[in-house]
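Thanks for coming. I have one structure to go through today, so please look at the screen.

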Amino acid sequence: LGQWVCGVQSSENPSREPSQSDPSKRFGAALGALSGGRVNITGMGVANLKMAVSIAVRYSCVRRQFGPGETELPVIEYQMQRWRLLPLLAACFVLHNFSKSFYQDFIQLRINLMLGEKGERNSELGREIH
């Protein structure tokens, strides 16, 4: 019997054969390891966008400038300010929901791979995440 090295049994005559014989599957497995990073980058980007848009909207509501007569209006009252901020706010909601769904799909794929399930759904999730 072979030795146990790092939790994996190695044979006495080790060969350098890859576990995947098909080159496209090996390439897919190598790229699949990068998917977790993509999911995390998406989540961090959305978190930063939410923070930035929140600061911009709150500041626009508090900041006062150039009003008729003696009164000054909050900057958010200007149409151009709304045109610039509200699409970003809407994008924030859309990207938050996408990021959440993307994360859930990634976790489902990882669970299925750990359980050894092979099927069309896993292939579909793998392609979607990659």
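Which residue's side chain does a polar contact of 2.7 Å join to the side chain of S60? The partner is Q81. Before going further, note that this is a predicted model.

Let me stay with S60. S60 sits in helix α2. Its relative accessible area is 3%, and buried means under 20%, so S60 counts as buried. Leaving out residues up to four places away in sequence, S60 touches P74, V75, I76, Q81 and L85.

Now the helix itself. α2 covers residues 35-62, which is 28 residues. At 1.5 Å a residue, the helix should span 40 Å, and the C-alpha atoms at its ends are 41 Å apart, so the two figures agree. Besides S60, the buried residues of α2 are S35, G36, V39, V46 and V53.

One of those, V39, takes us to the next topic. V39 belongs to the largest nonpolar core, which has six residues; the others are F102, F106, L109, L125 and I129. Two elements give two or more residues to this core: α3, residues 79-115, and α4, residues 120-129. The largest share, three residues, comes from α3.

Last, F106 in that core. Again leaving out residues up to four places away in sequence, F106 touches S35, G36, V39 and I129.

Technical notes: Residues numbered from 1 in each chain as written. Predicted model: local features only at pLDDT ≥ 70, side-chain atom pairs only at ≥ 80, totals over all residues. Heavy atoms only, no water. Core = buried A, V, L, I, M, F, W, Y, C linked by side-chain atoms within 4.5 Å. Buried < 20%, exposed > 50% of the residue type's maximum accessible area, 1.4 Å probe, protein only. Helix = DSSP H or I, 4+ residues; strand = E, 2+ residues; numbered from the N terminus. Contact = heavy atoms within 4.5 Å. Expected span 1.5 Å × (residues − 1). Polar contact = N/O pair within 3.5 Å; in protein donor to acceptor, adjacent residues only side chain to side chain.
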